[in-house]
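Subject: Structure handover

Hello,

Please find the sequence and structure below. My notes on what was found follow after it.

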Amino acid sequence: MKTCCNNLMRTLLIFLLLPGISLFASAAGGSDLPPCPASPNCVSSRDPDPARRVDPIPFRGTPEEAREALEAVVRSLPRATIVASSGIGIRAEFRSLLGFVDDVEFRIDGAAGVIHVRSASRKGYWDLGVNRRRVETIREAFGIVMEKRSGGGPENR
């Protein structure tokens, strides 16, 4: 009986800890982005479905410079909060005027010179294109910040 209870407790502990470990890995800038759900309220540069795919954000310079510029862009946007930033990853939350939360994650691929991105609504089914527009706004603002930092023009994007 005692062995049975120990095994049950061990199993429960594993199931309780796994989501936390997964969340921590994601918050710490894990190497990949979670997949988009089947609902049309998510876009990702890693999604093979053209309806949910966005291009990664290109950058020149070091991954550290890209992360700093990206953090500056996210902080400049309304109702945005950076939840975690470490190494190659950034996690942020965006709140709508009605209080809905969208999660945005970035992974910097220094070798390829791109930032992979995923933006998804936490609740609901449709987002009316909000996540796609957000990624495009971030892409444009990031390009402007990188231009100013490098002292160059659009050809330096």
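Trp126 has a relative accessibility of 65%, so it counts as exposed; here buried means under 20% relative accessible area, exposed over 50%, and partly exposed in between, with a 1.4 Å probe and protein chains only. Before the rest, two notes on the source. This is a predicted model, in which local features need pLDDT of at least 70 and side-chain atom pairs count only at pLDDT 80 or more, while totals for chains, interfaces and linings use all residues. Residues are numbered from 1 along each chain as its sequence is written, and side-chain values use heavy atoms, with hydrogens and water left out.

Overall layout

The protein chain has three helices and six strands. These are DSSP runs numbered from the N terminus, with helices (H or I) of at least four residues and strands (E) of at least two. From the N terminus, the order is α-β-β-α-β-β-β-β-α. Of the 157 residues in the protein chain, 39% are buried.

The loop between E6 and H3

Tyr125 sits in the loop between strand E6 (114-121) and helix H3 (130-150). Its relative accessibility is 46%, so Tyr125 counts as partly exposed. A pair of aromatic rings is described by the distance of the centres and the angle of the planes. Rings of Phe, Tyr and Trp (its six-membered ring) pair if their centres lie within 6.5 Å; planes under 30 degrees apart are called stacked, over 60 edge-to-face, and the rest tilted. The search of the whole structure gives one aromatic pair. Tyr125 and Trp126 form that pair, which is edge-to-face, with 4.7 Å from centre to centre and 90° between the planes.

Leu128 is in the loop between E6 and H3 as well. Leu128 is exposed, at 74% relative accessible area, and has a positive phi of about 55° although it is not a glycine.

Tyr125, Trp126, Leu128 and Val130 make a nonpolar surface patch of about 510 Å². Patches are made of residues with over 30% relative accessible area and no salt bridge, where like charges are joined within 9 Å and nonpolar side chains (Val, Leu, Ile, Met, Phe, Trp, Tyr) within 5 Å. A salt bridge is a side-chain nitrogen of Lys or Arg within 4 Å of a carboxyl oxygen of Asp or Glu. The areas come from the Shrake-Rupley method with a 1.4 Å probe, and for residues only the protein chains shown count as cover.

Arg79

Arg79 also has a positive phi, of about 60°, although it is not a glycine. Most residues other than glycine have a negative phi. Arg79 is placed in the loop between helix H2 (63-76) and strand E3 (80-86), and at 43% relative accessibility it counts as partly exposed.

Phe94

Phe94 belongs to strand E4 (residues 89-95) and is buried, with 5% relative accessible area. Arg134 lies over the face of Phe94, 4.5 Å from the ring centre; a charge sits over a ring if NZ of Lys or CZ of Arg is within 6 Å of the ring centre and within 35 degrees of the ring normal. Between Phe94 and Leu77 there are 8.7 Å in space, C-alpha to C-alpha, and the two are 17 residues apart in sequence.

The disulfide

The count comes to one disulfide, defined as a pair of cysteine sulfur atoms within 2.5 Å. Cys36 is joined to Cys42, at 2.1 Å from S to S. The torsion about their S-S bond is about -65°, which means the disulfide is left-handed. Cys36 is buried at 12% relative accessible area, and Cys42 is buried at 3%.

Regards
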